[in-house]
Amino acid sequence: MPSAELPLTLWERFSQFAFYQHALAAGLAIAVGCAVLSVFVVHRRMAFIGQGVTHAAFGGVGAALFLELWLPALRHPLLREAIVAFFCVATAILIGRIGRQRRIGEDSAIGIVLVVAMAVGVILIDLRTEWVRRMAAGGELRAVWQGYAPSFHDILFGSILSVTRTEVWVAVGVTAAVLLWVAVFFRGLLFYAVDEEGATAFGLPTVHLHYGLLVALGLMIVVAMRLLGVILISALLILPGITAGLWSRRIVRVIVASMAFAAASLIVGLLASMQIQVLSTGPVIVVVLALFFLVSWITRGRR
Amino acid sequence: MHDADQAERLADRCRPQSGIDHGPHRDAIIDIQGMSYRYPDGTLALDRIHLSVARASTLAVIGPNGGGKTTLLKILLGLLDGYRGTVRIAGLTPCEARRRGDVATWVPQRANFHWDFPVRLREVVAMGLLGRNGLFRSVGKDQQAFLERVLDVLEIRKIADRPIGDLSGGQQQRALIARALVPRPRVLLLDEPGAGLDASGIERLQSVLSDVKREFGITLVSVSHDLRRVVADAQRVACLNQRLHFHDVPESLTRGVLDRLYSCSLDGILPAACHHDDPQEA
């Protein structure tokens, strides 16, 4: 069959391989969700919080991998994500709490939490690796479950092409929940974002808005980790919002532009790694986002 | 989410306080009796403050930096709790007043606002209604009409659709005043309203504030460390440096009071005047 010898077109590959479709669906959901939060993150100077929470996710992965070794009931990818989610949200709240103490300050709080979570994550993964080796040697592990763990590369840089159908639904569900929350509390969030103390003085429930935003961030980060990994995810929480902010000064337009930049970069990144197979998708997405920013900054930013 | 529930819990956190309505102060919109406040680290910030402010009057609180002016405002706003003594605004505790969103509103220092956030002036002003209306009720017709009138009085209607970050310091200041006016509060609390404005900006601000006063019959309390910027049009002046050193008509501020307050020479800032010493301390 001569046609089999021809290289497949992009479209043929996309329609034939479910993992590309999963990557696109989950990727678009996450890009849009992160893009909306990014507008608040950037303008509230919370970029570093995103950084702290993502690195906490690394600790969460370590904890999940370690725990499931002892509690076989936890050996399910969704449960693993639930543990990571718990870690992220807990960290977000912890940062929020420590940061509210005048003597410490948010940046130091993040600095502490970030490195500790990373360190604990690495220690737990090391311990797990060692125990898996010993258990395997002692014949305690069943052959079927060889203690599969994502590689450091996957944790750090994501593996969007291995996203499962279930994970697509989780990503879409979490994004929908976050977008709904933002839409419902939109006016309050704006007031909180421009002037937190003022909002409190005017009788708004700013404490709840503050922690709500942190929880939304934590959840979004957990699902986005599968795509971009711990290191690159803050790109999706910073670049779309800051790029969009260069194009408009109206909040709704900024949010729409932010979503457009994130979605476009995801599509370009995915196409690029479909075309050139050695490229990991996550880093390409980040580079595309950075190019959008650079062009916007050169053309719009230096007014 | 359960906003009513949240509101309930915040309201719960208002400390129950026995209502003491002192006879002579019953007409006061703000009534502070023997109020002291310590910072969390134990430093005394405010020491046995007595102050009552008549309805629809203007009070200027002056005093050196670190003298407790902003702390006093934050207590009145219900942002700081844990004071001792009695504080009432329109008969409510500050915490209860804050929950209502339309008793005492705040014009904060401009420095604490994220001016580069992509919002328009009109949106910033409308935020003032969120506390009163709650997060989910939209702006009513009457409220919208009142908002437009506030924009007119403050002379910012023409620039209402411009991004807040593009405006001048004086325009931003007036936007914050408008935000505080739209829920129709009884009391307007201004923190260093003149800060960062040049002489003409201050003049404009003062004329706008007297327009506000005439139009809306509101009680104004402003706090400043710069004597020249507030005293001129205030009916009453309180000098605050941990204790309240004076509270009378501005013309009667004495050199002695000011020297004690600032511990420095004030030549040329204010005319020397007649009265001396503090009736509150007697």
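Between chain A and chain B, 9 residue pairs are in polar contact, both residues of each pair being at pLDDT 80 or more. The side of chain A that touches chain B draws two or more residues from each of α3, α8 (165–184), α9 (186–194), α10 (196–201) and α12 (251–275) of chain A. The largest share of that side, 6 residues, comes from α9(A). The model is predicted. In it, 30 residues of chain A are in contact with 40 residues of chain B. The area buried between the two chains is about 3300 Å². Carbon and sulfur atoms give 63% of that area.

Charged pairs also cross the interface. The rule finds 3 salt bridges between chain A and chain B. In one salt bridge, the side chains of B:D166 and A:R249 meet at 2.9 Å, N to O. Over all chains, the structure holds 17 salt bridges. The pair of B:D166 and A:R249 crosses between chains from loop to loop. B:D166 lies in the loop between α6 (141–153) and α7 (169–181) of chain B. A:R249 lies in the loop between α11 (206–247) and α12 of chain A. B:D166 has a relative accessibility of 41%, so it counts as partly exposed.

Other salt bridges lie within chain B. The side chains of B:R149 and B:E215 meet in a salt bridge at 3.2 Å, N to O. This pair links distant parts of the chain, 66 residues apart. B:R149 is in helix α6 of chain B, and B:E215 is in helix α8 (residues 199–216) of chain B. B:R149 is partly exposed at 36% relative accessibility. B:E215 is partly exposed too, with a relative accessible area of 37%.

B:R204 forms a salt bridge with B:E155, and their closest N and O atoms are 2.8 Å apart. The two residues are 49 residues apart and again link distant parts of the chain. B:R204 sits in helix α8 of chain B, whereas B:E155 sits in the loop between α6 and α7 of chain B. B:R204 counts as partly exposed at 37% relative accessibility. B:E155 counts as partly exposed at 42%. Salt bridges with shared partners also join B:R120, B:R122, B:E123, B:E148, B:D152, B:R157 and B:D161 into one network.

In chain A, helix α3 spans residues 18–43 and has 26 residues. From first C-alpha to last, α3(A) reaches 38 Å, close to the 38 Å expected at 1.5 Å a residue. A kink of about 30° is centred on A:L37 in this helix. α3(A) is mostly covered, with 19 of its 26 residues buried. After α3(A) comes A:R45, whose phi is positive, near 60°.

Helix α4 of chain A covers residues 47–70 and has 24 residues. α4(A) reaches 36 Å between its first and last C-alpha, close to the 34 Å expected. Of the 24 residues of α4(A), 19 are buried, so this helix is largely enclosed by the rest of the structure.

Further along chain A, A:G111 is found in helix α6 (residues 106–137). A:G111 is partly exposed, with a relative accessible area of 28%. A:G111 and A:G229 are 118 residues apart along the chain. Their C-alpha atoms are separated by 19 Å.

Definitions and conventions. Residues are numbered from 1 along each chain as its sequence is written. Chains are lettered from A and ligands numbered from 1 in the order in which they are written. This is a predicted model: local features need pLDDT of at least 70, side-chain atom pairs count only at pLDDT 80 or more; totals for chains, interfaces and linings use all residues. Side-chain values use heavy atoms; hydrogens and water are left out. Helices (H or I, at least four residues) and strands (E, at least two) are DSSP runs, numbered from the N terminus. The expected span of a helix is 1.5 Å times one less than its number of residues. The bend at a residue is the angle between axes fitted to the seven residues ending there and the seven starting there. Buried means under 20% relative accessible area, exposed over 50%, partly exposed in between (1.4 Å probe, protein chains only). Contact means heavy atoms within 4.5 Å. Buried area is the accessible area (1.4 Å probe) that two parts lose on being put together, summed over both. A salt bridge is a side-chain nitrogen of Lys or Arg within 4 Å of a carboxyl oxygen of Asp or Glu. A polar contact is a pair of N or O atoms within 3.5 Å; within protein, one must be able to donate a hydrogen and the other to accept it, and residues adjacent in sequence count only if both atoms are side-chain atoms.
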